[in-house]
Amino acid sequence: MADPKARKPIYKMVSFWLILLLVLYTLAGFIGLPWWLQRQVPAQLETQLGWEGSVTDIDFNPFTMTLDVEGLDAKDADGEPVVSAKQLHVDLTVWRLITGTIAFESIRLDSPFVRVDLLKDYGVNLVRDWTHNHPAKDEPPEEQSASSEPPHLYFNEIQLNDGNVRFRDYSQGEPETFDIQPLNVTLNDLATFSDDGNPSDYTLSAAIGEQQIDWDGNIGLMPFHSNGHIRLSDISHTTLVHFASPYAPYVVNQGTLSLDTDYAISSAGAFALVTQNGELRIDNLSAGLPDADAPFATLAALVVKGITFNLGERSLAIGSVDLDQLKGDVSRDKDGLINVIKPFTGQPEEDKRDQAASGGDNGGTGFNWRIDTVRLADSEVHWQDAVPETPADITASGINAEMGPISQALDEPVPYDLNLRTGEAGKIAAKGQVTLAPFTLESTLSLDGIALAPFQPYVQQSADVAFAGGTLNIEGELDLDDQTPALTGTFNGNGQVKDLKLTRAGQSDSILSWSSLRLNPVELNLNPGRLEIGTITLTDPDAHIVRAADGSTNLSGLIKGSDTAGQDTAEEPAKEDKGDKPDFVFRVTQVELENGQFDLADRTVKPVFTTGMRKVNGMIEGLSNVPPQQGSVRMSGELGQRGHVKMNGSIGTLGQEDTTHLELNLDNMAMAELSPYFGRYLGYAVDSGKLRMDLKYDITGPQIKADNRIVLDQLTLGQSVQSDDAVNVPVKLGLTLLRDTDGVIDVDLPISGNLDDPEFRVGQVVLRAFINLLAKAATSPFNMLGSVAELAGFSGEELGQVAFVPGTTTLAPGEDKKLKLLADAMADKPQLLLNVRGAVAPDIDGLALKAERLNAQLDLTADVDRKQRVRALESQVVNQQGEAALKKLQADNKQTGDDRLNSAEWVTTLVRALTKDVQLPPEALNRLAQQRGAILQKQLSDQYDIPDDQLFLLAPSEDAKTEMGEDAIRVIVPFAMDAR
């Protein structure tokens, strides 16, 4: 029988307890812990986050320290999935626990899903659910030891495979959902403590549809540092716009962004971030305004290379910025607002001030940046402007530009090179350098073949013209400098406008054209203002002026706002006396005019008057507005069919009171071309004749003084023309009287006036003076004839009449001399016709006839002296009427003294008293008038040889005037003049 003391109870055996502990450990690991975790995970999700969770299966191997979780699923309080995972595998390294480090050999998460919601208040659903189940307490937080450190954790490998992060953004106006899938992350050798400075390696790849994120490198946590490479590929505009739209002024309709850069980040000491070898690319960008249907800008590609950023040094360096095929539609509305800056118009003033302040001097502590090169290639800008009455539409295409380097040192000059095209053939090139602050510009400028028509709306703001043709060429050097408060600058070069054709807006008829207008050289200074031009050459200018039936011309109102008629110049403020030098200095060395022509059509007359100048050539030298200056002018051309025009003179200082003297000579112009004007103002057309004019003009300020010598050679009038404006005088007579013996009319017509007077027109004043001279000649022919014949001793009025002794056909003493002079004048002008009309003055001539009978009764012959005649007539009064009647007659006529015996008037009074009852035969006065006319006609014809075809006898008249001669009354018989 065995000794019972030889065997111990089993419970006292160490092996028993070791086996039991192993069994319990095995049961707890394989069964207890999974069972507990499978119940705790949902419970904790409910307790901590308010989520409804579930786990399909949890396995734990206590020997290999591996945990496998399958079918994790959680829904939030709204019943929406928030977290899920197909499988979680955790492999814990036990042996490192002895060093105080919790080490994981691997953590692998397969097909995880996380829903992250950005709420309207910019909160996150995960945080919201946590804080909802963990309300804040009012207890003060426990003080933490300054030496507290995070637990020592080590992860040999972390893998996230085929993950899905669903990001939903409710912070914007419209909710947006982004699914980041698949998301793959690999992280190796990661520790929360210093691990001999060896960083962990990591890779991350994620996609949002076609958008790809790749991130690889290494990372260390204690202290935090990381180096790696980030690549964002084809990030859609919808993704970017969603997050940037609250801050972006424009709407991006299309485009993708790619970013590729190396980076280094560290928190050891001061936080440091450095990126290198960065490249940013934007493709197929399309941007528009929020309220516009079409985009205002498109861009084929934006490539930014060589990006280096250093946060510690506060610096950014960019190797190159390339923009390819940028196309912009820029417009300005009727209120003057440009579309691309419209989103900024509502910006508060304080924001603008902050932005302005941020753009100031960095003071040595600001941000340093530099861009080596900015290039713009094959781009286009379309400009539309609704401010002008006719909207402007201008396109600049083929834009290629390069500038740089550019940096924060805005006072450093930046080289640039620009080329672009306008229209079909226009080219613009500029090359130089620019400084941004303060602004300066140096440029070699070239404009070649720039069509003027697209810029017509801007010209029409001040002039009612349209460009039917014309191109602009400019070559030169432009320098600008912002010298506050004025912009200074110079331009030196030359300019040319070729093949210009100007019309009135809305019309097709040309008013001005030329082949070429060239200015060479040109020197322009902005401040103080100065413009100096060497030579202005105008080739083949062609001007067309049309005067409409209402008197207006196709040039009327051409310059808008130029009509100052009716303004009270007295209200203009007095100009400040700044000396003789004007504010703007203007000089032109010479102006050359080559092969010019000018056409005029005047529709105020019928038929329409047309004429033109051809082959106009000349030169103007020495134009300036700075005294003292005396320029000169020499021009010549052909007028009408065969006329020749020459102009010479001197030109005073422009804008000053200096005198300009001009002489114009016109020769050999056919008078028939002026027939419409003769018809309107004289009532006759012109058959033939030549015109010559010698004009001398002195112009001092607005005052003009002119001598106009007009020569009409062999002028022959044609048929009469019905015209309400024709002068009502015998025109042919006037012209005949103005002609000299050679058939030439040579008159001087001096005029003067004020050119500022809108009613003063040189041509009209000269024409009016000539018509007045013609009217005077026609209405006072003998005055004109007297002056032409230089008749000495007689006035023109005296030459046109003869005096007769009352009651007789006897000419008064000396009157026969007039007949001789008149006959000589008629002989020089065979076109003149002299009309002779016998006339009597019934009272004087009747009294004379009665006196002749009385003298026969009283036997008073012609040789009886006046005293004897008076006594005989007084005696006859006493005999017929009595002594008392004589005394009363003497008293009434104040003829009581002895002086009456020598008074011719007293003789006439006595004859009237004695013959008052005497009646003449009815035919006596008419016979006397006929006799006087016949006698004059006979004398002029027989004695003074006036041809019969120039002399005509008219019907007698009884309305002759009388005048008092030296000692007797005379009866005046006038002549009348006419022309063939």
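I take helices (H or I, at least four residues) and strands (E, at least two) as DSSP runs, numbered from the N terminus. The model is predicted: local features need pLDDT of at least 70, side-chain atom pairs count only at pLDDT 80 or more, and totals for chains, interfaces and linings use all residues. Residues are numbered from 1 along each chain as its sequence is written, and side-chain values use heavy atoms, with hydrogens and water left out.

Entry: salt bridges. I counted a side-chain nitrogen of Lys or Arg within 4 Å of a carboxyl oxygen of Asp or Glu. The structure has 36 of these salt bridges.

Entry: helix 11. I looked up Lys-820 and found a salt bridge to Asp-824, with 2.8 Å between the closest N and O atoms. Both residues belong to helix 11 (residues 816–828) and sit 4 residues apart, about one turn of the helix. For accessibility I used relative accessible area: buried is under 20%, exposed over 50%, partly exposed in between (1.4 Å probe, protein chains only). Lys-820 is partly exposed at 40%, and Asp-824 is partly exposed at 36%.

Entry: strands 28 and 29. I found Glu-621 and Arg-634 in a salt bridge, 3.6 Å from N to O. Glu-621 is in strand 28 (residues 609–624) and Arg-634 in strand 29 (residues 631–639), so the bridge ties together parts 13 residues apart in sequence. Glu-621 is partly exposed at 27%; Arg-634 is partly exposed at 40%.

Entry: Arg-927. I noted its salt bridge with Glu-923, where the closest N and O atoms are 3.8 Å apart. Arg-927 is partly exposed at 40% and Glu-923 is partly exposed at 39%.
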